[in-house]
Amino acid sequence: MSKIAITSEGPALDDLVDTRFGRAAGFVVVDLESMETRYIDNGQTQVMGQGAGIRAAQLMAGAGVSFVLTGFVGPRAFQALSAVKIGVVQNMEEGMTVRQAAERFQSGAVKLADGPNRRPGR
Amino acid sequence: MIVSIASGKGGTGKTTVAASLTRVWEKPLIAVDLDVEEPNLHLFLRPNIEESMTASLEVPVVDESKCTLCGACSELCQFKAINVMGTLLLTFPEMCHGCGGCIALCPEKALSPGKRELGEISRGRVNESQFLMGRLRVGEAMSPPFMRQVKSRLRDIIAANGRDAIIDTPPGVSCPAVNAVIDSDVIVLVTEPTPFGLHDFKLACEAFSPLGKPMGAVVNRAGIGNSEVYRFCEEKEIPLLAEIPFERKIAEAYARGLVIADLSTHLREIFISMHAKICELAVRPGLGEAAHA
């Protein structure tokens with residue numbers, strides 16, 4: 001129960017948060033116990049005509065994360081993440097780094113979203 | 001012969017032309033409204049609707065007791081309508097295009113066909129003509145699968161009666177517009193002599209030319225704007241089928257739901273001549289074919 005994923009513009013902790021979930025450049029998966037990171041590239045999802053949010057949620061389920069930190073999540077992605085019991089923390093601001101997002105999560109100053117905050121396909 | 005009335009730009013007069021052509025066309029005829037997102041031809045032709053049916057798309061329904069989460073369906077689906085998510089098989093019926101691939105492929109026979117309602121198909125009569133219309137369900141995002149069902153109904157009627165058909169099509173140049181014109185013998189492009197009209201007319205020519213169908217232009221609101229549309233038609237060898245004048249009485253009649261061919265002998269003659277030119281066009285090779293010659 002200790003892995004989180006942050007939507008990111010690049011692979012490192014000091015890269016910027018990508019505020020899009022489905023069409024994020026990638027995901028930095030952080031193991032909160034060891035602080036080890038792993039990067040999942042999302043390039044193939046970005047080029048999809050539709051269903052990007054669902055595919056991104058599949059990637060998250062495959063990576064075994066418990067929480068996703070991002071800016072915006074559409075309804076289908078939210079439904080898919082909820083179905084596999086991955087918690088969603090949204091409204092991460094543009095300009096913050098992956099590290100800052102992770103620290104905010106660890107400090108407990110976040111709340112779990114109870115619904116999507118973006119329309120489908122955006 | 002199937003004639004589709006199309007345009008790049010919306011509001012150029014497709015329905016005006018379709019309704020008036022229906023009036024002057026030799027009978028029997030089928031008038032079809034394939035602008036399924038906002039059908040309005042019936043407001044002008046005022047048909048007696050004789051039957052309506054619900055059209056639906058086949059979408060997968062999962063029997064969880066049989067599913068082994070093998071992922072074959074999930075990998076096949078290009079639209080993420082069916083997905084293995086961890087230990088779940090999650091479906092999004094609204095994403096499904098109805099190809100039936102997942103149901104055919106499932107090795108456990110865990111998927112069966114269910115239905116997503118697409119819209120309503122209505123058939124009726126206007127004097128000696130038949131009338132066919134599709135109306136997409138509010139909230140449905142995919143019109144082409146629904147349009148294919150309306151067209152299949154049209155084929156049945158044509159096969160039974162050997163009639164001509166006039167199709168009022170959606171504006172634009174995306175999938176619904178292409179879907180509406182793709183089975184026709186002649187494409188009539190309605191435009192107006194304005195920069196916006198020309199811009200979207202060019203897009204429509206570009207989108208429909210590869211279909212290799214004979215195309216002709218109708219200039220509506222003739223008298224406003226400039227001569228660029230005419231110059232473009234000449235350059236691309238798109239015959240001008242008719243000009244409809246820019247007149248207040250036409251706009252007033254349209255607003256009252258009248259068919260403008262009924263307004264005056266002069267207007268009626270415009271459409272009779274348009275009909276003759278469309279028939280001539282139908283026996284000519286299309287633009288695409290001409291390019292290969």
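Visitor: Which residue stands opposite Phe27(A) in strand 3 of chain A?

Guide: Start with the general idea. Strands of a sheet pair through backbone hydrogen bonds, either parallel or antiparallel. In this predicted model, Phe27(A) faces Ile40(A) of strand 3 of chain A. Five bridges tie strand 2 (residues 26–31) of chain A to strand 3 of chain A, and the two run antiparallel.

Visitor: What is the strand order of the sheet in chain A?

Guide: The order is 3-2-1-4-5, in an open sheet of five strands with mixed pairing. Strand 3 (37–41) and strand 5 (87–89) of chain A are the edge strands, each pairing on one side only. On average, neighbouring strands of this sheet are turned by 25° against each other, direction ignored.

Visitor: Which strands does helix 4 of chain A touch?

Guide: Helix 4 (residues 98–107) of chain A packs on the sheet and touches strand 1 (3–8), strand 2, strand 4 (67–69) and strand 5 of chain A. Its direction makes about 145° with that of strand 1 of chain A.

Visitor: Now chain B. How many strands form the open sheet there, and in what order?

Guide: Nine strands, in the order 3-6-7-2-8-1-9-10-11, with mixed pairing. Strand 3 and strand 11 (240–245) of chain B stand at the edges with a single partner strand each, so one side of each has no neighbour in the sheet.

Visitor: How many bridges pair strand 3 of chain B with strand 6 of chain B?

Guide: The pair has 14 bridges, in the antiparallel sense. For one contact to look up, take Val61(B): its bridge partner in strand 6 of chain B is Ser112(B).

Visitor: And where do side chains go along a strand?

Guide: In a regular strand the side chains alternate between the two faces of the sheet. Helices can then be read against the sheet. Helix 5 of chain B lies across strand 2, strand 3, strand 6, strand 7 and strand 8 of chain B, at about 165° to strand 7 of chain B. Helix 10 of chain B also packs on the sheet, touching strand 1 (2–6), strand 9 (186–191), strand 10 (215–222) and strand 11 of chain B. The direction of helix 10 makes about 160° with that of strand 11 of chain B.

Visitor: What span does helix 5 of chain B reach?

Guide: Helix 5 (residues 144–161) of chain B has 18 residues and reaches 25 Å from its first C-alpha to its last. That is close to the 26 Å expected at 1.5 Å a residue. Just after the helix, Gly162(B) takes a positive phi of about 55°.

Visitor: Which residues of helix 5 of chain B are buried?

Guide: First, the geometry. An α-helix has 3.6 residues a turn, so residues three or four places apart point the same way. In helix 5 of chain B, the buried residues are Pro145(B), Phe146(B), Met147(B), Val150(B), Lys151(B) and Leu154(B). The elements they pack against include strand 3 (48–62), strand 6 (111–126), strand 7 (129–136) and helix 6 (175–181) of chain B.

Visitor: At what angle do helix 7 and helix 8 of chain B cross?

Guide: The axes of helix 7 (residues 195–208) and helix 8 (residues 228–235) of chain B cross at roughly 25° and come within 9 Å. Angles under 35 degrees count as roughly parallel, so helix 7 of chain B is roughly parallel to helix 8 of chain B. Helix 7 of chain B contributes Gly197(B), Leu198(B), Phe201(B) and Lys202(B), while helix 8 of chain B contributes Glu228(B), Val229(B) and Phe232(B). By class, this contact has four nonpolar, one polar and two charged residues.

Visitor: And at what angle do helix 1 and helix 10 of chain B pack?

Guide: Helix 1 (residues 14–24) and helix 10 (residues 265–282) of chain B pack at about 80°, with axes 9 Å apart. That makes helix 1 of chain B roughly perpendicular to helix 10 of chain B. Leu21(B) and Val24(B) are among the helix 1 residues in this contact, and Phe271(B) and Ile272(B) among those of helix 10.

Visitor: Last, the interface. How many residues of each chain are in contact?

Guide: Eleven residues of chain A contact nine residues of chain B. On the chain A side, helix 2 (52–63) and helix 3 (75–83) each supply at least two residues. Helix 2 of chain A gives the largest share, five residues. By class, the chain A side has six nonpolar, three polar and two charged residues.

Terms used. Residues are numbered from 1 along each chain as its sequence is written. Chains are lettered from A and ligands numbered from 1 in the order in which they are written. This is a predicted model: local features need pLDDT of at least 70, side-chain atom pairs count only at pLDDT 80 or more; totals for chains, interfaces and linings use all residues. Two residues are in contact if their C-beta atoms, placed from the backbone, lie within 7 Å. Helices (H or I, at least four residues) and strands (E, at least two) are DSSP runs, numbered from the N terminus. Ala, Val, Leu, Ile, Met, Phe, Trp, Tyr, Cys and Pro count as nonpolar, Asp, Glu, Lys and Arg as charged, and the others, Gly among them, as polar. Two strands pair if DSSP finds at least two bridges between them. Axes are lines fitted to C-alpha atoms, for helices over the stretch in contact, and angles run from 0 to 180 degrees between N-to-C directions. Angles under 35 degrees count as roughly parallel, over 145 as roughly antiparallel, 65 to 115 as roughly perpendicular and the rest as oblique. The expected span of a helix is 1.5 Å times one less than its number of residues. A residue is buried if 20 or more other C-beta atoms lie within 10 Å of its own, exposed if 12 or fewer, and partly exposed in between; C-beta atoms are placed from the backbone.
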